[in-house]
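Please review the structure shown below.

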Amino acid sequence: MSMLFRVGIDDTDSKEGMCTTYVGAVIADKLKEIGVQLVGFPKLIRLNPGWPYKTRGNCAIALTTRTQKHKIPYVKKIVLDTVERLAELHVETTNPGVVFYQGEKTPAKLKLFSKKVVQDVVTIEEAEALAWEIGAETHKFKLGRGIIGALAAIGNTLERDWTCELIAYRTPENRGTPRKVDAASVVEMSAETFPNTFDNLDPFTGEIRITPHTPCPILYGIRGESAEAVLRAHKLVKALEPIERFIVYKTNQGTDEHLRRAKIAEVKPYWSVIVKGKVCGAPKVIPGGHVIFRMRDETGEIDCAAYEPTHQFRNIARKLVVGDEIVAHGGVKKRPGLPLTINLEKLAVLKLVPVTRKINPTCPRCGKGMKSEGRGKGYSCKRCKIKAPVDAARIVRVKREVKPGAFEVPPRARRHLARPLIRVAYPRRKY
Ligand code: ATP
């Protein structure tokens with residue numbers, strides 16, 4: 001009899017190398033070699049982007065197989081041996097975890113846990129207790145903190161929204177050297193497949209975004225709306241070095257799954273939030289080129305920051321004035337001695353307050369601008385000795401430099417989980 005057997009893996013990499021997605025790709029290929037079929041696409045699940053102990057992008061992976069009972073021990077052996085062989089176990093902060101779960105349905109408690117790992121913080125004890133309760137088998141390497149992500153990846157059913165990423169990996173001898181991908185082919189690929197693929201290029205600088213800058217085994221990753229879209233794009237990209245293997249993951253990247261709507265008084269560090277309110281402190285540019293303003297709702301006030309790496313996006317934040325109605329999206333940060341801050345990922349400008357400017361009257365004789373005589377004292381022309389009353393000044397409306405609309409940080413500054421506005425403008429359609 002065949003049964004659904006699921007595998008979750010996390011925390012195999014370090015800043016020096018490896019990538020949990022690669023471990024997943026090697027395992028998927030090995031399972032195919034022994035005739036174990038995968039059900040659906042392997043999952044790449046991004047976890048809480050605000051979690052401070054992540055290595056890079058806080059991702060975990062999960063694979064689902066349908067296999068005969070007698071093959072399950074082989075599956076387990078392949079998974080555990082591969083993690084042991086590839087994980088950066090010599091690095092102190094790498095603490096892999098593997099979870100096996102046998103069951104047709106995803107328990108509701110596991111789904112809730114998965115959501116919490118994306119939106120909040122959990123403990124390893126919570127993960128262990130849940131695994132015990134639902135009958136999942138956990139394997140801890142060293143401290144085994146990876147069981148948190150491994151369990152969360154199994155339990156994330158990607159029901160609400162999902163995207164795909166095709167990841168191509170480098171051969172071992174090339175890892176750590178500059179990546180060789182024909183840039184013109186990426187530009188052509190993007191022109192041909194966008195918006196069914198997205199984030200291929202930075203719209204402002206034209207920089208290629210599919211190749212990472214870390215020493216990991218990834219040559220490139222193409223993100224898109226469907227497996228068909230990323231596979232087509234992959235065929236259009238010219239790699240100028242050998243590709244060891246590639247895999248298509250179904251993922252929560254680009255879905256905004258990390259965000260929760262909140263009132264300012266509820267906001268907590270490590271959360272990513274959507275907060276509606278009004279600007280109550282004018283934007284300031286602080287050293288380093290970061291833009292900070294304050295907003296409020298009926299429950300409190302909070303700082304919002306558009307940091308220097310968000311480039312043009314800062315200009316939107318800079319042009320806001322007190323009273324403007326906005327919706328801020330972003331991760332909540334607490335820094336010692338500073339108030340809680342929302343690191344902006346997206347900003348919706350709902351309503352702009354009118355901004356006016358007072359223009360002094362002109363002298364009826366010489367035509368020059370009259371000077372104020374002091375508060376509430378009217379105006380005068382010193383040369384012609386002519387006076388004008390207070391209400392002779394004209395109040396004119398100043399054109400606002402920002403328009404209502406939705407704005408986002410550029411791809412280079414975007415979190416993996418943040419839904420690009422292009423996905424809102426062009427919801428998924430059949431490729
Ligand atoms: P990469 O993205 O390069 O694969 P990473 O950024 O995913 O690496 P890990 O090396 O996996 O980082 O380390 C993150 C660790 O934190 C994992 O052990 C994971 O189980 C744990 N973790 C992730 N999210 C949470 C959370 N919300 N609460 C508690 N622990 C978490």
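Which residue in β21 does T356 stand opposite? T356 stands opposite R397. This is a predicted model, in which local features need pLDDT of at least 70, side-chain atom pairs count only at pLDDT 80 or more, and totals for chains, interfaces and linings use all residues. Residues are numbered from 1 along each chain as its sequence is written, and side-chain values use heavy atoms, with hydrogens and water left out.

**Strand pair**
- Strands β17 (residues 355–359) and β21 run antiparallel and are joined by five bridges; pairing requires that DSSP find at least two bridges between two strands.
- Strand β21 (residues 394–398) has five residues, of which the number buried is zero, so β21 lies largely in the open; buried means under 20% relative accessible area, exposed over 50%, and partly exposed in between (1.4 Å probe, protein chains only).

**Helix pair**
- Helix α4 (residues 124–134) packs against helix α5 (residues 146–155) at an angle of about 50 degrees, and their axes are 8 Å apart.
- That angle makes α4 oblique to α5; angles under 35 degrees count as roughly parallel, over 145 as roughly antiparallel, 65 to 115 as roughly perpendicular and the rest as oblique.
- Contact (heavy atoms within 4.5 Å) is made by I124, A127, E128, L130 and A131 of α4 with I147, I148 and L151 of α5.
- By class, this contact of α4 with α5 has seven nonpolar, no polar and one charged residues.

**Loop residue P178**
- P178 lies in the loop between β7 (163–170) and α6 (183–193) and is exposed, with a relative accessible area of 66%.
- Not counting residues up to four places away in sequence, P178 touches R170 and E241.

How values were computed. Axes are lines fitted to C-alpha atoms, for helices over the stretch in contact, and angles run from 0 to 180 degrees between N-to-C directions. Helices (H or I, at least four residues) and strands (E, at least two) are DSSP runs, numbered from the N terminus. Ala, Val, Leu, Ile, Met, Phe, Trp, Tyr, Cys and Pro count as nonpolar, Asp, Glu, Lys and Arg as charged, and the others, Gly among them, as polar.
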